[in-house]
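Please look over the sequence and the structure shown below before reading on.

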Amino acid sequence: MRRKLAAGNWKMNGTGASLAEIEALAEAHPTPRSEVLICPPATLIAQMAWEAKGGPVMVGGQDCHAKASGAHTGDIAAGMLKDAGASHVILGHSERRADHGETDADVRAKSEAAIGAGLIAVICVGETEAQRDEGDTLKVIGTQLAGSVPDAATAANTVIAYEPVWAIGTGRTPTLDQIAEVHDFIRAELAKRFADADGIRLLYGGSVKPSNAAEIFATSNVDGALVGGASLKAADFGAIIAALDAA
Ligand code: PGA
């Protein structure tokens, strides 16, 4: 049985005042059936983790460095996220891949570091619109999985997020058949490498909102969502959590 996971990715949004959203979320959903994770900007991790302690909301990072320490100005090691109270870290988000040139090998190295530090790696894959139009979606996803997911991955330490690049922040989503096709493919690809592949959670991400969450959560091999824009407000994210709890 895979426990459902609702993960929020705040990206570069939020200041101390935004912590009120977490309070509101925890108040509205004190005992969700699903796991709930918020990945705020690094500046908020420690304080959010402190305030969320003992409650239903887990806290994660949005990136980490592959090394444990050293001369890497501006970077954050996985162990530092853990020390700040994070339980998870998003890795290989398409915005990191695009803005910072992260390769599959980079994402794999970061994932190894995260797992080694005791974090759960939320590893993102997804095709661009041009790749989908070319009919290359499954090929691209297969290559990203092979390159980005480390051999150390297990159901306990790794979550995979399928995020079509063209659906992120655009209000556009794939059809449910397209989501099912990719999620079924990811499950089958993982099964070739990992004995407990059946237990690895697969999240869908890209323009998930209260109005489309229920149908996405009813789709084959969708175990939850990675939510950007709609995770910033407790009311919207709470509605997504409620839809996941009901799925
Ligand atoms: P979105 O972002 O929900 O705003 O489309 C999802 C993501 O990038 O994780």
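How many disulfides does the structure hold? In this predicted model, the structure holds zero disulfides. A disulfide is a covalent bond between the sulfur atoms of two cysteines. C39 is in no disulfide, and the cysteine sulfur nearest to that of C39 belongs to C124, at a distance of 9.2 Å. C124 is likewise in no disulfide, with the sulfur of C39 as its nearest cysteine sulfur, 9.2 Å away.

The ligand is the second topic. Its surroundings comprise 13 residues, and the closest of them are K11, H93, E163, G169 and S207. Sorted by class, the shell around the ligand has seven polar residues, four nonpolar residues and two charged residues.

Which atoms of K11, G228 and G229 lie at the listed distances from an oxygen atom of the ligand?

| Residue | Atom of the residue | Distance to an oxygen atom of the ligand |
|---|---|---|
| K11 | polar side-chain atom | 2.7 Å |
| G228 | backbone N or O atom | 2.8 Å |
| G229 | polar backbone atom | 2.9 Å |

On its own, the ligand has 280 Å² of accessible area, and the protein covers 94% of that area. As for where the ligand sits, the space that the ligand takes is the second largest pocket.

How values were computed: Residues numbered from 1 in each chain as written. Predicted model: local features only at pLDDT ≥ 70, side-chain atom pairs only at ≥ 80, totals over all residues. Heavy atoms only, no water. Near = heavy atom within 4 Å. Polar contact = N/O pair within 3.5 Å; in protein donor to acceptor, adjacent residues only side chain to side chain. Areas by Shrake-Rupley, 256 points an atom, 1.4 Å probe, with all protein chains shown as cover. 1 Å grid on protein atoms, 1.4 Å probe; cavity = no way out; pocket = protein on both sides within 12 Å on 5 of 7 lines; lining within 4 Å. Sits in = over half its atoms within 2 Å of the grid points. Nonpolar A, V, L, I, M, F, W, Y, C, P; charged D, E, K, R; others polar. Disulfide = S-S within 2.5 Å.
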